[in-house]
Amino acid sequence: MEFDGSRGLMPHTDHGLLTLLYENGVPGLEVLRDGKWVGMSDVPNAFAVLNSDHMEIFSNGKYKSKLHRTVVKDERTRITLVNPNGPSLDTIIGPSPRLLNDENPPHYLPMKYSEYLELQTKLIMAGKHAFDKIQLQN
Ligand SMILES: O=C(O)CCC(=O)C(=O)O
Ligand SMILES: [Fe+2]
């Protein structure tokens, strides 16, 4: 099913380190895997855990932020508990220095988390991502 925006959330990544989601039994959450949208709602009474942008930046690209969307095909009311986890707003987020060396240079520019949130909120409206601005080509 194509995303038409009428019942759901457009494709996006979340900002923090990890997001925990819990659905009320009405499916909807999908993640992009190998170019295909895959439902995440098959396991009942389970939390979905998604890597988010800060995880990708902190791990210097090893753990990618998961693109996801919500497509609700069901007539029932869908409720999700979303628990985003990120740093405090004044934290500078960048690749962990412990992962960097001559063979593994930083792939992301460090940035204050509050500024990252502002940048990403602005860019997503234009169909872009903050990674386009802070990713280093090396
Ligand atoms: O509706 C959902 O399960 C996903 C919600 C979500 O992706 C978000 O709040 O960032
Ligand atoms: Fe999300």
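1. Gln 120 sits in helix 2, which spans residues 113-125. The model is a predicted one, and the points below should be read on that basis.

2. Gln 120 counts as buried because its relative accessibility is 1%, against a cut-off of under 20%. Its side chain reaches the backbone nitrogen of Ala 130 at 2.7 Å. Beyond the neighbours within four places in sequence, Gln 120 is in contact with Thr 13, His 15, Asp 53, Lys 128, His 129 and Ala 130.

3. Ala 130 also belongs to the largest nonpolar core, which has twelve residues. The largest share, five residues, comes from helix 2.

4. With neighbours within four places in sequence left aside, Tyr 113 is in contact with His 15, Gly 16, Gly 86, Pro 87, Ser 88, Leu 89, Thr 91 and Ile 93. Another core, of five residues, lies apart from the largest one; among its members are Leu 29, Val 31, Ala 48 and Leu 50.

5. The largest pocket holds about 260 Å³ of space. Its lining comprises 17 residues, with Glu 23, Ser 41, Val 43, Pro 44 and Ala 46 nearest the centre. Strand 2 (residues 18-23) gives the largest share of the lining, three residues. By class, the lining residues are ten nonpolar, five polar and two charged.

Conventions: Residues are numbered from 1 along each chain as its sequence is written. Chains are lettered from A and ligands numbered from 1 in the order in which they are written. This is a predicted model: local features need pLDDT of at least 70, side-chain atom pairs count only at pLDDT 80 or more; totals for chains, interfaces and linings use all residues. Side-chain values use heavy atoms; hydrogens and water are left out. On a 1 Å grid over the protein atoms alone, a cavity is a set of points where a 1.4 Å probe fits but cannot get out, and a pocket is an open set with protein on both sides within 12 Å along at least five of seven lines; lining residues have an atom within 4 Å of a point. Grid points are joined across faces, edges and corners, and a volume is the space filled by probe spheres set on the points. Helices (H or I, at least four residues) and strands (E, at least two) are DSSP runs, numbered from the N terminus. Ala, Val, Leu, Ile, Met, Phe, Trp, Tyr, Cys and Pro count as nonpolar, Asp, Glu, Lys and Arg as charged, and the others, Gly among them, as polar. Buried means under 20% relative accessible area, exposed over 50%, partly exposed in between (1.4 Å probe, protein chains only). A polar contact is a pair of N or O atoms within 3.5 Å; within protein, one must be able to donate a hydrogen and the other to accept it, and residues adjacent in sequence count only if both atoms are side-chain atoms. Contact means heavy atoms within 4.5 Å. A nonpolar core is a set of buried Ala, Val, Leu, Ile, Met, Phe, Trp, Tyr and Cys residues joined through side-chain atoms within 4.5 Å.
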